[in-house]
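Subject: Structure handover

Hello,

Here is the structure I promised to pass on.

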Amino acid sequence: MKELTAGFLKTLLLGRDNDTHKGSYGHLLIIAGCQSMPGAAVLATAAALQSGCGLVTLHSTARALDSAAVNCPSALLSCNPGNCFTTLPADLSKYNAICIGPGLGKADETLNAFSRILTYSKSAGIPLLIDADALNLLAENPDEMDMISEGSVLTPHPGELRRLFIGAGITDDIEKLCEATHSTVVAKGYRTRIFTPQGDSYINPTGGPGLAKAGSGDVLAGLTAGLMARGYNGTHAALLGTWIHGTAGDVLTEQRTAESFSSLDLAGSLHQAFKILYSSSACSQVTHS
C-alpha cells in the first residue's frame with residue numbers, strides 16, 4: 001500500500017490557462033439533502049465551490065436551497081418539489097460529474113429517482129460520486145451496482161462499507177467491491193484508504209480525530225466530486241480530495257484544536273490545504289507503507 005505525499009499529488013494537478021472561462025472547468029451537479037437534512041447539501045456545495053470546477057448546481061428541496069442561497073451564493077439552484085429527492089433536474093447533459101447522497105434520505109420515491117440517475121449516467125458516461133444515503137440505497141438494492149458508470153467514486157465510512165459488503169455478497173474485500181462497482185473506493189476513517197479498479201491501493205496520512213464530526217464526509221464528497229467535474233479522473237480526484245480534506249483538518253487542528261472547528265469551518269479552510277499542496281516540491285514517487 002502506497003502512502004500519499006504532497007510531492008506526488010502535486011504532479012497530478014491540472015493547470016489553468018489565462019484565456020479560459022467558467023465553462024472551461026466543468027459543471028458539477030450535486031443531488032443532496034432533504035427537508036429534514038438540508039445541511040449536508042450546503043456543506044457539499046460549499047466544498048465543491050472550492051474545488052476549482054467552474055459551475056456547481058445543487059438539486060435539492062426548498063429548505064436546503066434557501067440555506068444554500070445564503071451560504072453558497074455562487075451556486076446554481078435546482079428545486080426538487082416535496083420533502084425528498086423524487087425528480088431529476090432538467091438537461092442532465094450539461095454536467096461533467098454528479099455527486100449524490102449527502103443527506104438524501106431513503107424514501108421509496110428517492111430510490112426510484114436514484115435508479116434513474118444511475119441509468120442516465122451510465123448511458124451518458126458521466127462519473128458519479130456516491131456517498132451517504134446513496135451508498136445505503138445501493139447496499140439495500142445491490143442489483144443497482146451494475147448500473148454505476150465507470151470512473152465513479154464511492155466514499156463509505158466503516159458502517160456503510162460493511163453494508164455494501166453484505167449487499168454485494170462480498171466478505172471484507174474492497175478490491176472485489178471496486179471490481180463489482182467499476183469504481184474507486186475511499187474507505188474513510190483513521191488513515192483513510194483508497195482502492196482503485198486497477199488494483200492499486202493508497203493510504204492517506206493527513207487528517208485526525210478533529211474530522212470525526214457530522215458533516216465532515218459531506219465536505220469530502222463535494223470536494224472530490226468538484227475535482228471530478230474539473231477534469232480529474234475518479235482515482236486522481238479521490239487521492240487529491242482525501243489528502244486536501246485531511247490537510248484542511250490538520251490546519252484547523254493546529255489553529256483551533258481538534259475540538260473546536262465545525263464541518264463548515266472545514267469547507268472554508270480547503271484553500272489553505274490547496275496552498276500547502278501547490279507550494280510543495282513535486283515528486284513522481286509515493287512512499288510505501
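Which side chain meets that of Glu 3 in a salt bridge? Arg 191 does, with N to O at 2.8 Å. A salt bridge here is a side-chain nitrogen of Lys or Arg within 4 Å of a carboxyl oxygen of Asp or Glu. Arg 191 sits in the loop between β8 (183-187) and β9 (193-195), while Glu 3 belongs to strand β1 (residues 2-3), so the pair ties together parts 188 residues apart in sequence.

Some ground rules. This is a predicted model: local features need pLDDT of at least 70, side-chain atom pairs count only at pLDDT 80 or more, and totals for chains, interfaces and linings use all residues. Residues are numbered from 1 along each chain as its sequence is written, and side-chain values use heavy atoms, with hydrogens and water left out. Helices (H or I, at least four residues) and strands (E, at least two) are DSSP runs, numbered from the N terminus.

Back to the first pair. Arg 191 is partly exposed, at 26% relative accessible area. Glu 3 is partly exposed too, at 22%. The classes are buried (under 20% relative accessible area), exposed (over 50%) and partly exposed (in between), with a 1.4 Å probe and protein chains only.

The salt-bridge count is four. Side chains of opposite charge can pair when their charged atoms come close. Two more of the bridges:

- Glu 140 and Lys 106 meet at 2.5 Å, N to O. Glu 140 is in helix α5 (residues 132-140) and Lys 106 in the loop between β5 (97-100) and α4 (108-124), so this bridge links parts 34 residues apart in sequence. Glu 140 is partly exposed at 47%. Lys 106 is partly exposed at 41%.
- Lys 188 pairs with Asp 131, the closest N and O atoms being 3.4 Å apart. Lys 188 is in the loop between β8 and β9, and Asp 131 in the loop between β6 (128-130) and α5, so the pair joins parts 57 residues apart in sequence. Both residues are buried.

Now the serine. Where is Ser 280 placed? Its place is the loop between α11 (270-278) and β11 (287-288). Ser 280 is buried, at 15% relative accessibility. A polar atom of its side chain lies 2.6 Å from the backbone oxygen of Leu 277. Neighbours within four places in sequence aside, Ser 280 is in contact (heavy atoms within 4.5 Å) with Ala 6, Gly 7 and Lys 10.

Best wishes

How values were computed: Polar contact = N/O pair within 3.5 Å; in protein donor to acceptor, adjacent residues only side chain to side chain.
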